[in-house]
Amino acid sequence: MSGAAADTADAAPSATTLTHWRIATDDEGIAWLHFDKHGAAQNTLSRDVIAELGTALEQIGRDRPAGLVIVSDKPGNFIVGADINEFTTLTDQATALDLIQQAHRVFNRLADLPMPTVAMIDGYCLGGGTELSLACRYRIAADNDHTRLGLPEVMLGIHPGFGGTARLIETIGAPAGMDLMLTGRSVRPRQARSLGLVDMAVPERHLQRAARRMVHKKPAPRQPQWWIKALNSAPARPLLAHVMRKKVAARARREHYPAPYALIDLWQQHGGDKVRMLSEEAQSVARLISGGTAQNLVRVFFLQEKLKALGKTAEDGEKFAHVHVIGAGVMGGDIAAWCALQGLSVTIQDQAPEALARVVKRTHQLFSKRLREPRKITAAMDRFQPDLRGDGVRRADVVIEAIFESAEAKQQLFKVVEPQLKPDALLATNTSSIPLEDLASSLNDPSRLVGLHFFNPVAKMQLVEIVNGADTSADVAARAAAFTRQISRLPVPVKSAPGFLVNRILMPYLLEAVELLHENVPAIVIDKAATEFGMPMGPIELADTVGLDICAHVAENLTASFGGTVPAELKAKVDAGKLGKKTGAGFYQWKNNKPEKPKAENANPVPADLTDRMVLRFVNEAVACLREEIVSDAELLDAGVIFGTGFAPFRGGPMHYLNSEGTAHLRTRLESLADRHGERFTPDAGWQELE
Ligand code: NAI
């Protein structure tokens, strides 16, 4: 651990007692400033931590050591960023500005210290942590697997606000700096070195020596090359800013996600003047952080934390080592590959050898893309074994069934599998529509079956529904959630009822979109209305992407339970073999995995209630799910829907949207839709409980 650096050193005579920081000066006269946030698992920069840092720096300024090295005493993280808990209290601009300016004063003090200053980075160094390191003259990173550097603020609806915008650009130049801040991506140590973000990436054991060398040698601080600096000049900035805006616009709209645009504006206007850029940065972040988008994205961050916490079992620490997947189709193959990618050993069984051959090929492609290094790819392939006879069942800690969607076939299979299972092995099904109770009835011990409902594509979709049948034991469900976390997915517990949560809520919205098609509203107009609302993809493109056969199947299942009809357009496409993206034609024609979107015809006027018709069916179904306790509370519902469907994150989820728009107001809009278009819009009985 890097924090051991100065354990042998004498604690500096200190007038003030610090809770989170500790100064120790070694026999070379170097002050080591240790950060170990009191009572917290991770180092974050909260108001009190920043204030104390100010005090520590004051003392260092007085003591004048030969150099200063900032280290973390927490293994695996340097500083993960600002304390996001405090963001929720920054709902007005003045309070936000006050906190940000406090941080600016302290970071400026660090930057102004006369002696060489070094950030010795081992572990996660994100957001405010990276900004703090940029206020040091040098940065040295441990070249290991758990060190990452980045400025992910845009993901929370803000941009760097502790001086990072100006200092990053000064250190690595505008093109690379703006790219890091606009994408929010984090980089590994070697990449950070080639970008100029750190001066050195060295093996962990050499960190302290490298830090000392920096202090003694005092090389000139990093600077971008002259031609990169030139791109920060007044004539160059508007041109580059234009390109950046275009790139951002392809991913996010200014009215939904203002932060990246605010960052570009800030740089374009003040990029040539560091002092001005710093003060305007503070103003800009104060505005953003107290706005609706940032507050909702912070809410989504906490919803995600809530889901993660569900994956912690009472006997925390149980590790699943071996997974056996039965069914090497679209889902089984991807689930198995994902588990192996996450470090588990995997056997995958299918009755068809050619299915196994296809999966091995697909898995190799996934590993090559994700792992890049041949050594790692080979190791992952070694963990992934095709298993025609199903011998892996007897060794498995988790068995996941993902064969055809047939209750009989699955029941037959469970009869064969159950006697072979280890006593405490988890038994899971990936069924998307068969009630768990029907499947569990074939088992001697029905309480051991749980649903692990993954979404397609598994490597992209973070959510897994943990389906609780009437018989599923609470312990089994909790362990299934823990397994889900172990493979880096987000568990949401749901009741076994048709469509569970995600498909149930999504389907009325998709069917309404197909109904609009039937009324001759062009697909592109429908999709545009949804993306303007904030959906990541329009419903027609989504239906084509999921596969129209799968949509039709889910729709039949849900209409059988809840009424309504499957639109003739959908059935006709499936009958004609036009299944969407996978067949090259569906509602759209597909080329190179992209839909060919014709220009919208202007023949029909766009219905004024187009967006409401889709979104309010979505929201109405969410209310019904809550009433039926498909999930236990509104927060879990919002979390499940955001991570399972991509529902406009900046709106904070359907129930949060409903609350912010006003329950009575939305209900009235639904009633008027019901008057015009029929009873599918009738507000669910659950609305009464909300008012
Ligand atoms: P698929 O048709 O692509 O693959 C099924 C595989 O199971 C085939 O390779 C088949 O040879 C194999 N198989 C069938 N019976 C078997 C048996 N007795 N023993 C061993 N192998 C057997 O199916 P897909 O789409 O992967 O679906 C699998 C399950 O996942 C279904 O329950 C489905 O409802 C569910 N699901 C599907 C989603 C999707 O988007 N396709 C999404 C979420 C869940």
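Let's start at the ligand, where a backbone N or O atom of M331 sits 2.8 Å from one of the ligand's oxygen atoms. Keep in mind as you look around that this is a predicted model. Q351 uses a polar backbone atom, which lies 3.2 Å from a nitrogen atom of the ligand. With N430 it is a polar side-chain atom instead, 3.0 Å from a ligand oxygen atom.

Now widen the view to the whole shell. There are 21 residues around the ligand, and the ones that come nearest are M331, D350, E405, K410 and S432. So M331, where we began, turns up again in that nearest set. Sorted by class, the shell has ten nonpolar residues, eight polar ones and three charged ones.

Next, some helix packing. Two packed helices are described by the angle between their axes and the distance between the axes. Take α3, residues 93–112, and α12, residues 274–289: their axes come within 8 Å and cross at roughly 145°. The crossing of this pair is right-handed. On the α3 side, the residues in contact are Q93, A96, L97, I100, Q101, H104 and N108, and they meet L278, E281, A282, Q283, V285, A286, R287 and I289 of α12. By class, that contact between α3 and α12 comes to eight nonpolar residues, five polar and two charged.

The crossing of α25 and α28 is left-handed. From α25 come D612, R613, L616 and N620, while α28 brings L666, R669, L670, L673 and H677. The contact of α25 with α28 splits into four nonpolar, two polar and three charged residues.

Finally, a couple of backbone details in the loops. To find the spot, go to the loop between β19 (449–453) and β20 (463–468), where P457 lies. The other detail concerns K218, a residue other than glycine with a positive phi, near 50°. Look for K218 in the loop that runs between α8 (207–217) and α9 (226–230).

Technical notes: Residues numbered from 1 in each chain as written. Predicted model: local features only at pLDDT ≥ 70, side-chain atom pairs only at ≥ 80, totals over all residues. Heavy atoms only, no water. Axes fitted to C-alpha atoms, helices over the stretch in contact; angles between N-to-C directions. Helix = DSSP H or I, 4+ residues; strand = E, 2+ residues; numbered from the N terminus. Left-handed = near helix turned anticlockwise from the far one by under 90°. Contact = heavy atoms within 4.5 Å. Nonpolar A, V, L, I, M, F, W, Y, C, P; charged D, E, K, R; others polar. Near = heavy atom within 4 Å. Polar contact = N/O pair within 3.5 Å; in protein donor to acceptor, adjacent residues only side chain to side chain.
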